[in-house]
Structure formats: structure tokens, C-alpha cells
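Good morning, and thank you for making time for this item.

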Amino acid sequence: MYDILQLNDMLVPELQDIAIQQNISNSKKLDKQELIYRILDKQAVMSSPEVSSSEGEKPKRKRIIKSPAEPAELALQDVPKVDIIEDKTKIE
């Protein structure tokens with residue numbers, strides 16, 4: 001694996017050789033910076049399957065669908081129970 005600093009220090013023919021090894025198309029027509037970016041892109045693509053295969057795939061979780069409660073039940077749950085007492089005393 002090459003990093004960008006190593007690739008910047010190389011000459012164009014060396015970069016073209018690396019591009020040919022990595023099966024980068026049209027490597028002879030590209031300028032130095034474009035070669036460097038294509039090589040880095042190819043390395044990133046080649047290394048990404050290794051990372052994903054080492055992690056393994058997690059099984060998908062099943063979605064649990066809860067049935068909504070009846071609106072009347074919800075209304076009764078929220079109301080506190082209070083006894084109503086009539087006031088029999090009168091103020092005169």
C-alpha cells in the first residue's frame with residue numbers, strides 16, 4: 001500500500017508501472033496527479049472488502065409492530081379517579 005507522500009516522490013514512469021499492476025485503464029494518458037489519485041482510489045476499493053469480511057455481517061433484527069390501544073382506553077388511563085362530594089353547608 002502506498003500513501004500520497006510516497007506516490008508524490010515517485011516519477012511518472014514508476015507511477016505508470018504501479019497503475020499497470022493495479023489494472024488502471026488509460027494510465028499512459030494520465031498526468032502525475034491523476035495517476036496518484038487513481039492509484040489511491042484503487043487501493044481503497046481493494047482494501048474495503050477485506051474490512052467488511054473481517055467484521056462479518058450482523059443478522060437483521062425483526063421489527064416488532066405494537067398494536068395501538070383504543071382511544072377510549074388511553075383517555076381513561078390518563079384521568080385520575082376523584083369522588084365528587086357535594087358541599088351541604090351554606091354561607092348566609
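The term pLDDT denotes the predictor's confidence in each residue, on a scale from 0 to 100. For this chain the average pLDDT is 78, and 64% of the residues score at least 70. This is a predicted model, in which local features need pLDDT of at least 70 and side-chain atom pairs count only at pLDDT 80 or more, while totals for chains, interfaces and linings use all residues. Residues are numbered from 1 along each chain as its sequence is written, and side-chain values use heavy atoms, with hydrogens and water left out.

Helices (H or I, at least four residues) and strands (E, at least two) are DSSP runs, numbered from the N terminus.

Let us look at α2. Which of its residues are buried? In this helix, spanning residues 12-21, they are Leu-15, Gln-16, Ile-18 and Ala-19; buried means under 20% relative accessible area, exposed over 50%, and partly exposed in between, with a 1.4 Å probe and protein chains only. Viewed down the axis of α2, the buried residues fall within an arc of 160°, so they line one face of the helix; the arc is that of the directions from the helix axis to the C-beta atoms. Pro-13 and Gln-21 are exposed on the face of α2 turned away from its buried side.

Next, the loop between α2 and α3 (32-55), where Asn-23 is found. Just after α2, Asn-23 takes a positive phi of about 60°, and with 64% relative accessibility this residue counts as exposed.

Now the core. A nonpolar core is a set of buried Ala, Val, Leu, Ile, Met, Phe, Trp, Tyr and Cys residues joined through side-chain atoms within 4.5 Å. The largest one has 10 residues in all, including Leu-15, Ile-18, Ala-19, Leu-35 and Ile-39. Two or more residues of this core come from each of α2 and α3.

Leaving aside neighbours within four places in sequence, Leu-35 is in contact (heavy atoms within 4.5 Å) with Val-12, Leu-15, Gln-16, Ala-19, Ser-27 and Leu-30.

Finally, Gln-43, in helix α3, counts as buried at 7% relative accessibility. With the neighbours within four places again set aside, Gln-43 is in contact with Met-1, Tyr-2 and Gln-22.
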